[in-house]
Amino acid sequence: QVRVVESGGGSVQPGGSLRLSCAASGSIFSVSAMGWYRQAPGKERELVAVITSGGTTNYAESVKGRFTISRDGAMRTVDLHMNSLKTEDTAIYYCNARVTPSYDRRRSNDYWGQGTQVTVSS
């Protein structure tokens with residue numbers, strides 16, 4: 001019943017910018033954290049950035065100073081502003097939401113979006 005959808009992927013030149021958006025919807029009581037992960041061909045999925053309901057953020061060292069994660073007040077959407085993009089940023093980016101469903105407040109489950117492709121090339 002919980003749905004996570006990403007948008008905003010695309011192709012950009014090195015040094016360019018891109019904004020990814022993620023929206024969580026469905027039978028949600030609360031969202032404790034939302035974040036972005038990415039996976040490049042032949043590599044493991046890695047954390048890019050995460051933000052908690054309290055506003056605390058955490059970034060991968062490789063994106064610090066270039067990427068910014070933000071959320072809305074209801075903790076239902078999260079954006080990833082990516083600046084000074086490098087070819088190394090090319091990957092499929094996945095949104096993750098840690099959700100307590102409305103039907104069971106004891107639980108906290110991770111939900112994933114389908115992924116959106118980000119390609120940085122000349």
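Over the face of which residue does R45 lie, and at what distance from the ring centre? The legends below take up this arginine and then move along the chain.

This is a predicted model, in which local features need pLDDT of at least 70 and side-chain atom pairs count only at pLDDT 80 or more, while totals for chains, interfaces and linings use all residues. Residues are numbered from 1 along each chain as its sequence is written, and side-chain values use heavy atoms, with hydrogens and water left out.

**View 1. R45 and the rings of W112 and Y94.** The residue asked about is W112: R45 lies over its face, at 4.6 Å from the ring centre. The charged end of R45 also sits over the ring of Y94, 3.9 Å from its centre. Here a charge counts as over a ring if NZ of Lys or CZ of Arg is within 6 Å of the ring centre and within 35 degrees of the ring normal.

**View 2. K43 in the loop between β4 and β5.** Have a look at K43, found in the loop between β4 (28-39) and β5 (46-52). Strands are DSSP runs of E with at least two residues, and helices are runs of H or I with at least four, numbered from the N terminus. K43 counts as exposed because its relative accessibility is 56%; the cut-offs are under 20% relative accessible area for buried, over 50% for exposed and in between for partly exposed (1.4 Å probe, protein chains only). The C-alpha atoms of K43 and A91 are separated by 9.6 Å, and these residues are 48 apart along the chain.

**View 3. M75, a residue with positive phi.** M75 is not a glycine, yet its phi is positive, at about 55°. You will find M75 in the loop between β7 (67-71) and β8 (77-82). With a relative accessibility of 4%, M75 counts as buried.

**View 4. S84, another loop residue.** The loop between β8 and β9 (91-101) holds S84. Phi of S84 is positive, near 50°, in a residue other than glycine. Is S84 buried or partly exposed? S84 has 42% relative accessibility, so S84 counts as partly exposed.

**View 5. The chain around these sites.** Of the 122 residues in the chain, 41% are buried.
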